Amino acid sequence: MRYASKFQEGAIEIRTTNRGSPISSLVSKKMQSVYRRLRHHHFDQSPAQIASFKLFIPLSDRFNRANDTRSASTLATKGVGHLVRKGTGGRSSVSGIVAAVFGATGFLGRYLVQQLAKMGSQVLVPFRGPEDSQRHLKLMGDLGQIVPMKYNPRDENSIKAVMAKANVVINLIGREYETRNFSFEEVNHHMAEKLAVIAKEHGGIMRYIQVSGLGASPSSPSRMLRAKAAAEEAILRELPEVTVMRPAVMIGTEDRILNPWAHFAKKYSFLPLMGGGSTKIQPVYVADVASAIIAALKDDGSSMGKTYELGGPEIYTIHELAELMYDTIREWPRYVKVPFPVAKVLATPRELLVNKVPFPMPVPTIFNLDQIEALSTDTVVSDDALTFEDLGIMPRKLKGYPTEFLIQYRKGGPQYGSTVSEKVSRSWD
């Protein structure tokens with residue numbers, strides 16, 4: 001039995017396919033009775049009641065109102081501490097946070113999305129690549145909590161569509177090499193500035209977190225770090241309450257330092273050390289950086305308007321970090337010391353051709369000109385900087401769990417290696 005309802009000039013007409021049926025007549029009488037009650041009901045359109053109805057207007061409908069006072073405001077002064085929370089704090093709870101994480105499909109992004117989803121937050125994942133580029137993130141949250149959204153970083157309307165329902169914006173966008181389509185300045189500076197401008201116009205963003213890089217400075221020899229510094233300055237002009245995170249070189253399963261080193265060492269049986277390997281860095285475990293961002297989100301707003309330098313608990317020279325890599329993959333260490341001028345000459349051809357050839361250039365790994373420039377100076381946490389300790393976090397040492405992913409490079413399997421002369425006995429033998 002099918003029923004059709006039709007609204008014409010405020011009247012309801014009930015039509016049935018079988019008028020003689022007792023069921024159809026009963027439904028018809030019920031519907032007519034409901035309509036009579038609704039027709040004689042009038043709402044009191046007092047100012048208070050009208051104001052209460054305005055609360056149900058979706059944020060996206062008010063997004064571009066020029067006269068909306070919220071558009072002129074910046075971030076909330078109390079952070080997200082006042083949000084309504086439900087549940088015990090697990091993935092099936094409601095944290096009240098709706099976070100738009102730009103750059104979520106990258107290295108740091110997967111660890112941050114996992115921690116946001118674990119606390120019951122809804123995560124909006126803007127992506128510009130293929131549909132499968134964000135598939136691994138959907139498993140990290142409860143049903144419907146990870147929301148992939150196709151967008152174009154050069155299209156303001158698509159960015160506004162991502163931010164429309166968000167109350168937190170986290171920018172992880174960054175790249176340490178140039179391509180034909182995106183320069184250092186566009187990726188690391190202009191995109192970040194555009195996100196900050198749109199977040200300010202939004203009016204409903206309570207927290208904005210910008211992930212920069214340790215050593216970001218207008219005087220840095222690295223173009224990427226100079227662009228990161230320009231982005232920080234531009235964002236602070238738009239949103240003085242922004243929280244800036246400056247992580248050091250991040251170590252983890254998908255990292256871009258120990259993985260390339262181990263692959264190169266396995267393939268060519270040696271590792272080039274830029275500048276002799278004497279440069280000092282302060283590498284940090286990637287999951288600790290994600291925890292620092294979560295800690296800043298959870299506070300009472302005390303981290304707003306501040307910059308944190310996130311380095312690991314130990315300072316390594318490049319040579320010492322390479323020794324840790326060789327020890328983990330169980331290979332005999334062999335090095336070739338490459339002076340900085342020679343390394344720059346080897347890395348320059350790609351940078352000269354990247355915008356001149358009609359095809360994409362290979363992604364640089366060991367000989368990345370901008371990274372070579374960055375390694376020409378020490379990059380460690382400043383003495384007077386805010387650090388993990390100010391966020392209540394104790395970063396982990398690299399030796400052990402954070403570098404266990406290098407076991408995959410051991411010759412013969414996890415129990416073997418070139419430096420192991422005999423089979424390691426198993427506990428169940």
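Phe102 stands opposite Asn171 in β6. This is a predicted model, in which local features need pLDDT of at least 70 and side-chain atom pairs count only at pLDDT 80 or more, while totals for chains, interfaces and linings use all residues. Residues are numbered from 1 along each chain as its sequence is written, and side-chain values use heavy atoms, with hydrogens and water left out.

Let us stay with strand β6 (residues 168-171) for a moment. Strands (E, at least two residues) and helices (H or I, at least four) are DSSP runs, numbered from the N terminus. Strand β3 (residues 98-102) runs parallel to β6, and 4 bridges join them; two strands pair if DSSP finds at least two bridges between them. With strand β7 (residues 207-211), β6 also pairs in the parallel sense, over 4 bridges. Here Asn171 stands opposite Gln210 in β7. In a regular strand the side chains alternate between the two faces of the sheet. In β6, Val168 and Ile170 point one way and Val169 and Asn171 the other way. Are these residues of β6 buried or exposed? All are buried, where buried means under 20% relative accessible area, exposed over 50% and partly exposed in between, with a 1.4 Å probe and protein chains only.

Now step back to see the sheet. It is an open sheet of 7 strands with parallel pairing, in the order β5-β4-β3-β6-β7-β8-β13. At the edges stand β5 (146-150) and β13 (307-310), each with a single partner strand, so one side of each is left without a neighbour in the sheet. From one strand to the next, the twist averages 20°. Further along, β7 pairs with strand β8 (residues 243-247) in the parallel sense over 3 bridges, and Ile209 stands opposite Thr243 in β8.

Helices pack on this sheet too. Helix α5 (residues 156-163) touches β3, β4 (122-127), β5 and β6, and its direction makes about 145° with that of β3. Helix α9 packs on the sheet as well, touching β6, β7, β8 and β13, and its direction makes about 160° with that of β7. Contact means heavy atoms within 4.5 Å. Axes are lines fitted to C-alpha atoms, for helices over the stretch in contact, and angles run from 0 to 180 degrees between N-to-C directions.

Follow α9 to its meeting with another helix. The axes of helix α3 (residues 107-118) and helix α9 (residues 286-298) come within 9 Å and cross at roughly 50°. The two are therefore oblique to each other; angles under 35 degrees count as roughly parallel, over 145 as roughly antiparallel, 65 to 115 as roughly perpendicular and the rest as oblique. Among the residues that meet are Phe107, Leu108 and Tyr111 in α3, and Val286, Ala287 and Val289 in α9.

Two loops deserve a look as well. Most residues other than glycine have a negative phi, and most peptide bonds are trans. Ser269, although not a glycine, has a positive phi of about 65°, and lies in the loop between α8 (258-268) and β10 (271-274). At 41% relative accessibility, Ser269 counts as partly exposed. Arg330 is not a glycine either, yet has a positive phi of about 55°; this residue is found in the loop between α10 (318-329) and β15 (335-338).

Finally, the whole chain: its secondary structure comes to 12 helices and 15 strands, and buried residues make up 45% of its 429 residues.
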